[in-house]
Amino acid sequence: MRHGQTVFNLKGKIQGASDSPLTSLGIQQALAAQKYFKTNNIQFDTLYTSPQQRACGTLENAAPNQAYQRIKELKEWSFGLFEGESIELLRAIKEPKYLYGDAVVPFGGEARAEVENRVCNALEGVMKNNNGNNTLEVSHGSTIGLFIRKVLGYKKGSQYDIGNCNIVKFKYDDERFTFLEIIDPKK
C-alpha cells in the first residue's frame with residue numbers, strides 16, 4: 001500500500017528520501033483503508049513499513065494498535081538534488097517503462113536498478129519468511145511502481161500510477177509474485 005497524502009504531495013514537491021508529514025486528507029485516506037480492510041474482513045498476520053514517517057503514520061492509521069516492523073529497503077527512491085523541488089522536474093524525465101531510470105544519478109540520486117534490487121530483495125525476503133501469511137507492507141509510489149514493472153516483466157501495460165493509499169494486491173506462491181489488482185479504498 002502507498003502512504004497517504006503528505007504536505008509535499010499537496011504542494012507538488014518531490015519527496016524521495018526526505019520526508020513530509022501526512023495531511024489531514026492523508027490520515028483520512030489511511031482510515032479509508034482501515035475501513036476497507038474491516039469491511040472485507042481482511043486481517044494481517046504481519047505488517048511492515050518503510051522507515052519514513054509518512055509510511056509509518058499511514059500504517060498506524062490503517063492498522064491501529066498492531067505491531068509492525070520497519071524495513072529500510074522499502075524507503076522511497078532517493079532523488080538527490082531534486083528533492084524539495086517541483087514534481088514537474090521528475091515528470092519531465094519520467095519514462096513510462098523505467099520511471100526515472102538513471103536520470104537522477106548525476107544529481108546524487110539512486111539508479112533504477114539499485115532501487116529495484118533493494119525493494120524486490122526486501123519483499124522476497126519478507127514473503128519467504130512468512131509461511132503464506134497475509135502481509136501488509138506500506139511503501140511509496142515510485143518503489144511500488146518499479147516493483148509492479150519488475151513483476152510484470154516491463155511489458156506494455158505495466159505502467160501504473162499508484163495513488164495515495166492505493167492497495168496493490170499480489171499473490172506470492174512458489175517464490176514468485178503475481179500482480180492481482182490495484183484497489184482504491186477511497187471509492
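Student: Okay, which residues of H6 are buried?
Tutor: In this predicted model, the buried ones in H6 are Gly-141, Ser-142, Thr-143, Ile-144, Gly-145, Leu-146, Phe-147, Ile-148 and Arg-149. That's nine of the eleven residues, so the helix is mostly covered.

Student: What do those buried residues pack against?
Tutor: They pack against helix H5 and the strands S4 and S5.

Student: Take Ser-142. Why does Ser-142 count as buried?
Tutor: Because its relative accessibility is 10%, and buried means under 20%. Ser-142 sits in H6, which runs over residues 141–151. Leaving aside neighbours within four places in sequence, Ser-142 is in contact with Glu-76, Trp-77, Phe-79, Leu-99 and Tyr-100.

Student: Where is Leu-99, then?
Tutor: Leu-99 is in the loop between helix H4 (87–93) and H5. Leu-99 is buried too, at 4% relative accessibility. It also has a positive phi of about 55°, although it isn't a glycine.

Student: Is Glu-175 buried or exposed?
Tutor: Exposed, because its relative accessibility is 62% and the exposed class starts over 50%.

Student: Let's switch to H5. How far apart should its ends be, and how far apart are they?
Tutor: H5 covers residues 112–128, which is 17 residues. At 1.5 Å a residue they should span 24 Å, and the end C-alpha atoms are 24 Å apart, so the two agree.

Student: Which residues in H5 are buried?
Tutor: Arg-112, Val-115, Glu-116, Arg-118, Val-119, Cys-120, Ala-122, Leu-123, Val-126 and Met-127. The buried residues of H5 pack against strand S1 (46–49), S3, H6, S4 and strand S5 (176–183).

Student: And H2, how many residues does H2 have?
Tutor: H2 has 16 residues, 24–39, and reaches 22 Å from its first C-alpha to its last. That's close to the 22 Å expected at 1.5 Å a residue.

Student: What's buried in H2, and what does it pack on?
Tutor: The buried residues are Gly-26, Gln-29, Ala-30, Ala-32, Ala-33, Gln-34 and Phe-37. They pack against helix H3 (53–62), strand S3 (135–138) and strand S4 (167–173). Just after H2, Asn-41 takes a positive phi of about 50°.

Student: New topic. Which residues does the UniProt annotation "binding site" cover?
Tutor: The UniProt entry, which is unreviewed, lists Arg-2, His-3, Gly-4, Gln-5, Thr-6, Val-7, Phe-8, Asn-9 and Arg-54 under that label. From this set, Arg-2, His-3, Phe-8, Asn-9 and Arg-54 belong to the lining of the second largest pocket.

Student: Where does Arg-2 sit?
Tutor: In the segment before helix H1 (7–11). Arg-2 counts as buried, at 14% relative accessibility. Its side chain reaches the backbone oxygen of Ile-162 at 2.7 Å. Not counting residues up to four places away in sequence, Arg-2 touches several others, including Asn-9, Thr-58, His-140, Ile-144 and Asn-166.

Student: And Thr-6, buried or exposed?
Tutor: Buried, with a relative accessible area of 0%. Thr-6 is also in the segment before H1. Beyond residues up to four places away in sequence, Thr-6 touches Gln-15, Ser-20, Pro-21, Leu-22, Thr-23 and Arg-54.

Student: Now zoom out. How many helices and strands are there?
Tutor: Six helices and five strands. Along the sequence the pattern is α-α-β-α-β-α-α-β-α-β-β.

Student: What radius of gyration does the protein have?
Tutor: 16 Å, which agrees with the value near 16 Å for a compact globule of 187 residues. The C-alpha trace spans about 45 × 40 × 25 Å along its principal axes.

Student: And how much of the protein is buried?
Tutor: Buried residues make up 48% of the 187 residues. As for contacts with a separation of 6 or more, 62% are between residues 24 or more positions apart.

Conventions:
Residues are numbered from 1 along each chain as its sequence is written. This is a predicted model: local features need pLDDT of at least 70, side-chain atom pairs count only at pLDDT 80 or more; totals for chains, interfaces and linings use all residues. Side-chain values use heavy atoms; hydrogens and water are left out. Helices (H or I, at least four residues) and strands (E, at least two) are DSSP runs, numbered from the N terminus. The expected span of a helix is 1.5 Å times one less than its number of residues. Buried means under 20% relative accessible area, exposed over 50%, partly exposed in between (1.4 Å probe, protein chains only). Contact means heavy atoms within 4.5 Å. UniProt positions are given in the numbering used here, feature names are shortened, and annotations may be inferred rather than shown by experiment. On a 1 Å grid over the protein atoms alone, a cavity is a set of points where a 1.4 Å probe fits but cannot get out, and a pocket is an open set with protein on both sides within 12 Å along at least five of seven lines; lining residues have an atom within 4 Å of a point. A polar contact is a pair of N or O atoms within 3.5 Å; within protein, one must be able to donate a hydrogen and the other to accept it, and residues adjacent in sequence count only if both atoms are side-chain atoms. The radius of gyration is taken over C-alpha atoms; the globule rule is 2.2 Å times the number of residues to the power 0.38.
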